[in-house]
Amino acid sequence: MVAMFLGAVEGTVVTTAMPTIVRELQGFQIMSWVFSIYLLTSAVTTPIYGKFADMYGRRKTLSIGIIIFIIGSCLCGISQNMIQLIIFRGIQGLGAGGIFTVTYTIVGDIFTLSERARVQGLLSSVWGIASIAGPLVGGFFIDYTSWHWIFFINLPFGILSLVILQKNLTEDFVRQEHTIDYGGIAFLSIAITAFLGGLVKWYSFIIFLIALIFFYSIEKKAKEPVIPLEILTKDSVLVNGLSFLASAVLMGGDVYLPLFIQSVLGYRATISGLTMAPMSISWLIAAFFLAKAIPRYGERWVMILSFGVILASCFMLIFLDPQTSLFLIGIIVFLLGLGFGGCFTALTLMVQSSVGYEQRGAATALNALVRTVGQTIGVGALGSMLNLFMARFYTFHGSSGTGQDILALNFSIHALFIAFVVIALICFLFSFFLPNHLKEEQGGLS
């Protein structure tokens, strides 16, 4: 839970601080890369951490991820320009790939399905506390000191999590000889990188397809594949697909709603963080109560309800304008938290219960990978879309000062809100095809 807090604080602090950072470092056009490179490196390493957790133990693997994350955070804190910040965020992402993957794997090891439902609520409470404290602390640093401190704040929490982890987590793990799937790791990394690169270079998709073919052929023959192909069932593909799309909307909201609040409405970073805080509170509420509802009603109806709330909330975003009150935005953010808290809780439980212990790390890592890629594609594609619509606005209306910039940004962000609605509608419709296995399994658990 402390390690989870480490990663959760980082996410809320950076998204709130980014408008200030890009103004100081003069890097608005490449702002999305600060998020994309972090998500890219964490995506590439996610399945590797998951496999290593199965091979060498959860505690050792998670500790390595935390240490790399701390180093990356300190380097981000001393960045002097956008290029340095982007590079160091990549290093930070190398460590982040292990934090959430192995953390959720440990939860799957320690608790039964019925217990996991309650623990998901506790883990979500960590997100809630971090998401409230993060914007407040980050906004304070930005408004009264320097944005560099938002990265240094990770250091004490990282050290604390390492101490508690080494002292208290015990696992019945027997070291055995394993065969590392180097070929699978290499081609999976190439495929992920090329896929994400396809956002800006069309030929990257060709490289992606070739790497994917090689990866598939290697995994079929590998003694210990990094992603066992048997976990890719019809239901798991559907679950991971919904995780991908939901993560894109979540990341888009986390990045571009603060941008709207600060750059269109004109509020300071601290106020922006407070306005986004209701999502954390409602996320906790939804995760706690819906986790209890899953064993009773099944995951399908929880997902239908959750995506229905997300769809309605995204639709409400379309009607925001430069005169919108923060109270209304807070209500919409609260509803978004209810939807995301429910859907991600259900998705996590579905993944954890779909395989046994020996494949739980790989299955959890695959889902974490899909979510990370969804976030990366989301922030990258939406960033390109934002720049495109701003260029179109200036083409038709011209550029004549700050007022025109606000109108252009408002126009472009609303185009992103419409994209949110489309993606949420797709998720809502596909959630009707989900199974209800968790409801059936619960009857046999003590």
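Visitor: Why is Ser-325 called partly exposed?
Guide: This is a predicted model, and in it Ser-325 has a relative accessible area of 39%. Buried means under 20% and exposed means over 50%. The 39% of Ser-325 falls in between, so the residue is partly exposed.

Visitor: Where does Ser-325 lie?
Guide: Ser-325 is in the loop that runs between helix H12 (299-317) and helix H13 (326-352). Its C-alpha atom is 10.0 Å from that of Ile-261, a residue 64 places away along the chain.

Visitor: What makes Gln-92 count as buried?
Guide: The relative accessibility of Gln-92 is 0%. The cut-off for buried is under 20%, so Gln-92 counts as buried. This residue is in helix H4.

Visitor: What does Gln-92 touch, leaving out residues up to four places away in sequence?
Guide: Gln-92 touches Glu-10, Tyr-38, Phe-69, Gly-72, Ser-73, Cys-76, Phe-151 and Asn-154.

Visitor: How do you know that the side chains of Gln-92 and Ser-73 make a polar contact?
Guide: The contact that joins the two side chains is 2.8 Å. A polar contact needs a pair of N or O atoms within 3.5 Å, one able to donate a hydrogen and the other to accept it. The 2.8 Å between Gln-92 and Ser-73 is within that limit.

Visitor: Why are H3 and H4 called roughly antiparallel?
Guide: Helix H3 (residues 58-77) packs against helix H4 (residues 82-110) at an angle of about 155 degrees, and their axes are 7 Å apart. Angles over 145 degrees count as roughly antiparallel, and H3 and H4 are therefore roughly antiparallel to each other. The crossing of H3 past H4 is left-handed. In this contact, 14 residues are nonpolar, 9 polar and 3 charged.

Visitor: At what angle do the axes of H2 and H4 cross?
Guide: The axes of helix H2 (residues 31-56) and H4 cross at roughly 30 degrees and come within 6 Å. H2 passes H4 in a right-handed crossing. The residues of the contact of H2 with H4 comprise 14 nonpolar, 12 polar and 1 charged.

Visitor: How many helices and strands does the protein chain have?
Guide: The protein chain has 16 helices and 0 strands. It has 446 residues, of which 58% count as buried.

Visitor: What share of the contacts between residues at least 6 apart in sequence join residues at least 24 apart?
Guide: The share in the protein chain is 83%.

Key:
Residues numbered from 1 in each chain as written. Predicted model: local features only at pLDDT ≥ 70, side-chain atom pairs only at ≥ 80, totals over all residues. Heavy atoms only, no water. Axes fitted to C-alpha atoms, helices over the stretch in contact; angles between N-to-C directions. Helix = DSSP H or I, 4+ residues; strand = E, 2+ residues; numbered from the N terminus. Parallel < 35°, antiparallel > 145°, perpendicular 65-115°, else oblique. Left-handed = near helix turned anticlockwise from the far one by under 90°. Nonpolar A, V, L, I, M, F, W, Y, C, P; charged D, E, K, R; others polar. Buried < 20%, exposed > 50% of the residue type's maximum accessible area, 1.4 Å probe, protein only. Contact = heavy atoms within 4.5 Å.
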